[in-house]
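Please look over the sequence and the model below before reading on.

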Amino acid sequence: MRYIGWTFLIAFWVVLAAFLHYTLPQRDIVRVQGTEIIRQDFSGINRIFYAQADSGNDNAVINRDLRLINTTRANGRVMVYRNEDTGFGWPPYFKLDSSNLQAEAQASVSTRAAPEWYLLTHYGWRNEFLTIYPNAIGLKPHPGPDAPKGLPWLNIIILIVLAALFYGIWVRWRRFRQRRIDPTLEEWQDNWEAAGDAVQKKRGRFRRWLNTWK
Amino acid sequence: MAMVRLFIIVFVVLSIIYISLSFYSRARARDRLEAEWDEGGINMPREAYVRHGLKDYDGSLRRKLILGVYVVPMALVGLIIYLVNFA
C-alpha cells in the first residue's frame, strides 16, 4: 500500500515538472541559419505538441504548413524551432505574430564565418522520435555566444507563486485531516479493537466451558 | 473561434469568483457591524444599525475593488499580448 502511494506521488511530481519544463519560457543563444516552411502531417501522437490552426481556418484538416527556424546554438549544436501562433489557446503566450517573427528571423540570418548572435525565447521540446519542435516566441540581438542570458525573472515568479499555492493547499489539507479524518479513523480502530477483544473474551469462555467436559 | 471561446470561459469563471467573493465580503461586513453593535455604546436598534452600515458598505470603495477580479486578469492578458507581439 505504501508503495502505491509513493508511486502516485512521484508520478504526480514528475508529470508536473515535465509540464512546467515544457510550458515555461526558456532562452537560447542562437545563430539563425535560415527559415523554411514544410508541410506537416500530424499523427495522433504528436498532434498535442502543435498549436491549433490559425483562428479563422479549418480545424478539421489534419495537415498544414509549418514555419521553421533553423539555428545553431552557442554550443555548436543545431536546433530547429517551429514558429506557430498560440493564439488564445494553451499555453497562454497569446502569440499572434508568427509571420512577423518569421520576417525577423529571415532578416537575422548570418553565416558561420560572420556569426550574429540572437537570444531566442521559446517553450517546448525538440524530439526527433515524435518529430516535435519547440515554439519560438521572440528574437533579440545578443552580444555574443558567451554573454550571460540574464535571470529568468518570469519563471522565478511563476514557480514561487505555484509553490505558495501548493503549500497553502497542503497545509489546509493536513489541518483538515488532523481535525476531521484522523479522530474518526482512530475511533473506528478503537471500536474494532474493542469488538475484537469482546469476541476473544467470549471465545475464551466458550473454550473453557468446552474444556470442563474433558 | 478560439478567442471568443476563451473569453466566454474566462468570463464565466471570473463571474463565479466575483459573485462568491462579493457575497463573502458582504457577509464579513455584516459580521463586523454586528460585532461593533454587540460591544455596546450604540443607542440604535441592532437591526437598523446593521442595515444602515450595509448601505454604507454598498457604496464603499472596498466593494468596488472586488471588480479587480475582472480587471486584473484582463490587464494581465493585455500586457502579455503587448509584450509578446508588439514590444
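How far apart should the ends of helix H3 of chain A be, given its 59 residues? In this predicted model, the helix covers residues 153–211, and at 1.5 Å a residue it should span 87 Å, which agrees with the 81 Å between its end C-alpha atoms.

**Helix H3 of chain A**

**Chain A as a whole**
- Chain A has three helices and five strands, and these follow one another along the sequence in the pattern α-β-β-β-α-β-β-α.
- The radius of gyration of chain A is 30 Å, whereas a compact globule of 214 residues would have one near 17 Å.
- Taken along the principal axes, the box filled by the C-alpha atoms of chain A is roughly 105 × 40 × 35 Å.
- Of the 214 residues in chain A, 17% are buried.
- When contacts in chain A between residues at least 6 apart in sequence are considered, 66% of them join residues at least 24 apart.

**The contact between chains A and B**
- Chain A gives 13 residues to the contact and chain B gives nine.
- On the side of chain B that touches chain A, the elements giving two or more residues are helix H1 (2–38) and helix H4 (68–86), and H4(B) supplies the largest share, five residues.
- That side of chain B is made up of eight nonpolar residues and one polar residue, with no charged residues.

Note on methods. Residues are numbered from 1 along each chain as its sequence is written. Chains are lettered from A and ligands numbered from 1 in the order in which they are written. This is a predicted model: local features need pLDDT of at least 70, side-chain atom pairs count only at pLDDT 80 or more; totals for chains, interfaces and linings use all residues. Helices (H or I, at least four residues) and strands (E, at least two) are DSSP runs, numbered from the N terminus. The expected span of a helix is 1.5 Å times one less than its number of residues. Two residues are in contact if their C-beta atoms, placed from the backbone, lie within 7 Å. Ala, Val, Leu, Ile, Met, Phe, Trp, Tyr, Cys and Pro count as nonpolar, Asp, Glu, Lys and Arg as charged, and the others, Gly among them, as polar. The radius of gyration is taken over C-alpha atoms; the globule rule is 2.2 Å times the number of residues to the power 0.38. A residue is buried if 20 or more other C-beta atoms lie within 10 Å of its own, exposed if 12 or fewer, and partly exposed in between; C-beta atoms are placed from the backbone.
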